[in-house]
Amino acid sequence: MSVQQSFRQIIRVLETDIDGSLPLIYGLAEVKGLGYTFSLAITRILGLDPNTRIGYLSDEDVKKIEALVKNPSSYGLPSWMFNRRKDYATGKDLHLVGAELIYFVKEDIEREKRVKSWRGVRHALGLKVRGQRTRTTGRLGVTVGVRKKRQGPQQQQQSKQG
């Protein structure tokens, strides 16, 4: 790591505000689209200490991290680590983060609905998509259960006697 700056409580990396007290790996994993393994790979490639608090990163280190995430294949990361391999439109291996990732996922769901694939129909109906059971879970609205009937005064006396 280069020249250390003073500690910053909140640091902005890849358009995400991160708590400066987190270790570098867990702090990077807070960014949508970066997980623990990808964060560990970033720290190893750039030669950063994974246990350093992210608040101690210099601006240069943040720029290096952002450059690596924008173009991970140029730094030697294998394509199986990317979160969007063989993109539908371009056919390239991409790694998306933040709002870009959310946009592409929504576009994929809309494409499935348009094509009327099984997954698209399940999405459109608001049902579970990945084969989970639906008999008992995933219900919306009022819960369904068994309720005893209210007993009238005559029935209470009969139950006490009987």
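Helices (DSSP runs of H or I, at least four residues) and strands (runs of E, at least two) are numbered from the N terminus. This is a predicted model, in which local features need pLDDT of at least 70 and side-chain atom pairs count only at pLDDT 80 or more, while totals for chains, interfaces and linings use all residues. Residues are numbered from 1 along each chain as its sequence is written, and side-chain values use heavy atoms, with hydrogens and water left out.

Ile-54 lies in the loop between helix 2 (36–46) and helix 3 (59–70), and with a relative accessible area of 0% it is buried, a term that means under 20% relative accessible area with a 1.4 Å probe and protein chains only. Leaving aside residues up to four places away in sequence, Ile-54 touches (heavy atoms within 4.5 Å) several residues, among them Ile-11, Ile-18, Leu-24 and Leu-28.

The largest nonpolar core has 22 residues, such a core being a set of buried Ala, Val, Leu, Ile, Met, Phe, Trp, Tyr and Cys residues joined through side-chain atoms within 4.5 Å. Strand 1 (10–13), helix 1 (24–29), helix 2 and helix 3 each supply at least two of its residues, and helix 3 gives the most, with 4 residues. Val-13, one of the residues with the most contacts inside this core, touches residues including Leu-28, Val-62 and Ile-65, again not counting those up to four places away in sequence.

Helix 2 also meets helix 3 directly, through Phe-38, Ile-42, Ile-45 and Leu-46 of helix 2 and Lys-64, Ile-65, Leu-68 and Val-69 of helix 3.

Conventions
Buried < 20%, exposed > 50% of the residue type's maximum accessible area, 1.4 Å probe, protein only.
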